[in-house]
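Hi,

Here is the structure I promised to pass on. Have a look at it first, and my notes on the charged pairs follow below.

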Amino acid sequence: MHGDPEGRGALLGEVLPMLWAGFQERYAAVLEPHVKQAGDLYFGRLDARPERAPAPTITHVDYRLDNLLIGPDGTVTVVDWQTCGTGTGPSDVAYFLGAGLLPEVRREVEEQLVRDYFDGLVAGGVTGYDWADCWLDYRRGTWGGLSMAVLASMSVKRTDRGDEMFLAMATRHARHALDLDAADVLT
């Protein structure tokens, strides 16, 4: 989805609006209004997303707590790499925070966590990438979770557990994008 030269993003740009329509139909009885609002904003503007040069970062694209194995010694192993692509690191940060934190907690800590991430990039030697670009990429990344919730829910066998997870993802990620006025970065 992010900076792919093979056109996967273009294909998803055609398919995701159709999946969004099915998602709304499937979950109509329980879909929160802010999810519909965010989804209509995002999936209605996929063709208007700005063209960006391919980014140099490998991204997980489904970077959430249940795709991390944490060992007794604190080591972390990231699993479930089948959706990886190229993009910007802050998109995985946005996905992780949007999925893993309740909105009220996320709002309190997210700017500092993203600043800590940015400071780590700088300390690691990254140059030519400033805080404003990092924050913009983070805001753009808020849409990834909503995309994944719709794409995955409409692509796998339906289960009660899956419905609960996909609705939680859609609810949190939609709130995240709306909280950060991320519709502004779509055009």
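To start with, which side chain does Asp-179 meet in a salt bridge? Its partner is Arg-107, with 2.8 Å from N to O. Keep in mind that this is a predicted model. Asp-179 sits in helix α6 (residues 160-179) and Arg-107 in helix α4 (residues 103-123), so this pair ties together parts that are 72 residues apart in sequence. Both ends are partly exposed: Asp-179 has a relative accessible area of 28%, and Arg-107 comes in at 44%.

That pair also belongs to a network of salt bridges, which links Arg-106, Arg-107, Glu-110, Arg-175 and Asp-179.

Asp-40 and Lys-36 form a salt bridge at 2.7 Å, N to O. The two lie in helix α2 (residues 33-43), 4 residues apart, which is about one turn of the helix. Asp-40 is partly exposed at 37% relative accessible area, and Lys-36 is also partly exposed, at 38%.

One more to look up on your screen: Asp-163 and Arg-158, whose side chains meet in a salt bridge at 2.8 Å, N to O. Here Asp-163 counts as buried because its relative accessible area is 12%, below the 20% cut-off. Arg-158 is partly exposed, with 45% relative accessibility.

Cheers

Notes: Residues are numbered from 1 along each chain as its sequence is written. This is a predicted model: local features need pLDDT of at least 70, side-chain atom pairs count only at pLDDT 80 or more; totals for chains, interfaces and linings use all residues. Side-chain values use heavy atoms; hydrogens and water are left out. A salt bridge is a side-chain nitrogen of Lys or Arg within 4 Å of a carboxyl oxygen of Asp or Glu. Buried means under 20% relative accessible area, exposed over 50%, partly exposed in between (1.4 Å probe, protein chains only).
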